[in-house]
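Hi everyone, thanks for having me.

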Number of protein chains: 2
Amino acid sequence: MDDPGYQSGLVDLLGLLSYGELQGFARLAADAAMADNLVDQAAMSAIAVNELRQFERLRDRLVEIGADPESAMTPFVRSIDEFHTSTAPSDWLEGLVKLYVGDGIAEDFYVEMADFVDDETAGLIRSVFKDRGQADFVVTTVREAIAEEPRVAGRLALWGRRLVGEALSQAQRVAGERDSLTELLVSGEGGLDLAGVGELFNRLTSRHAARMEALGLTP
Amino acid sequence: MDDPGYQSGLVDLLGLLSYGELQGFARLAADAAMADNLVDQAAMSAIAVNELRQFERLRDRLVEIGADPESAMTPFVRSIDEFHTSTAPSDWLEGLVKLYVGDGIAEDFYVEMADFVDDETAGLIRSVFKDRGQADFVVTTVREAIAEEPRVAGRLALWGRRLVGEALSQAQRVAGERDSLTELLVSGEGGLDLAGVGELFNRLTSRHAARMEALGLTP
């Protein structure tokens, strides 16, 4: 924590995660209004509320380590907002796939990042992004929709690929703009070498494919 | 509770309140994204979360009295959605005034309705709609904005009047369509006569004027 390089990478990471959750809350809450029925709307709203609670825990950690949450989040506003603008769901099913596939890949990445931070922050990140129990609800609804009208599977598979493409494109921008964040991943004794980065990428890709398959979609 | 007329008015009232909170959650969460800074965005998001918690309590009461929440809410979807569509804030200040003035008058009305229902439901309604401690945040921000640029006061005063006009127009539609709801207000031994309805209307109007003045706006 005394290493200024580490401190600045950690602030960046928590800023990115915090703003991701804060904005995730707003988007999910709005997407919930597209639900076919009020029970589903309430279910997605409850998931949104969970994201705000997680935001609050991450923000509190920023304050704890002496950082200003607003300044920590600001560098990531543009990338995260552009991600959401370019992946605004056009209907309820697209919203569900975005929740499951888009949040899924982001959360996998965040949990991987926990290996590179102090134990207390790592514990917080793992607890914030542990399985939120929302999987069953989304998987059931999407599979039912495909069973009812098989041709939606093609459209949703394309949508899933687009979500990942947009996420990667914003992730690349963030990595290019925030050296301290990439330093966190590659420096220090536990830091990744090129092969390690490749393995990380493979893990993220194969978990993404598993989620697509769980929904009945071709990855 | 054994009186079918009472039961049906109560289900209508709880359905109206539930859907109002569920949709209020979605709108506030979306409006929060218009905040000037991330601290204010988080503050309005937290108020939105509170609305979803209140929705859940009202919905649970519907289940408790043997009603289906979805059927209970459905009759009010159109009026509440139209209210929100016709009063979508165009900026952060309009969002704040809508939260304070629009929710304020709705909540006053709901608390008045508590006088006409069984004690358990009345207790729930009063506890759901008691002061949510959000007043300070809104009042301070709006007053500061007016101090900085006095001419926004005129625009926001018009906006406040429009909010009430749209709310009344939807309330009239609901009253016209849902006899059981108006019955709740006027039948039984505690029911209101014409003078009583007038007094209720006066109370709502004067509390509305007090809120406008608290914000520094001409009612």
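Where is the place of Gln41(A)? Gln41(A) sits in helix 2 of chain A, where a helix is a DSSP run of H or I with at least four residues, numbered from the N terminus.

A quick word on the ground rules. This is a predicted model, where local features need pLDDT of at least 70 and side-chain atom pairs count only at pLDDT 80 or more, while totals for chains, interfaces and linings use all residues. Residues are numbered from 1 along each chain as its sequence is written, chains are lettered from A and ligands numbered from 1 in the order in which they are written, and side-chain values use heavy atoms, with hydrogens and water left out.

Back to our glutamine: is Gln41(A) buried or exposed? Gln41(A) counts as buried because its relative accessibility is 3%, and buried means under 20% relative accessible area (1.4 Å probe, protein chains only). Leaving aside neighbours within four places in sequence, Gln41(A) is in contact (heavy atoms within 4.5 Å) with Ala32(A), Ala33(A), Ala35(A), Leu22(B) and Gln23(B).

Now for the two chains together. Here 25 residues of chain A are in contact with 25 residues of chain B. Helix 1 (4–32), helix 2 (38–64) and helix 3 (69–73) of chain A each supply at least two residues of the side that touches chain B. Which helix gives the largest share of that side? Helix 2 of chain A does, with 13 residues.

Notes: Buried < 20%, exposed > 50% of the residue type's maximum accessible area, 1.4 Å probe, protein only.
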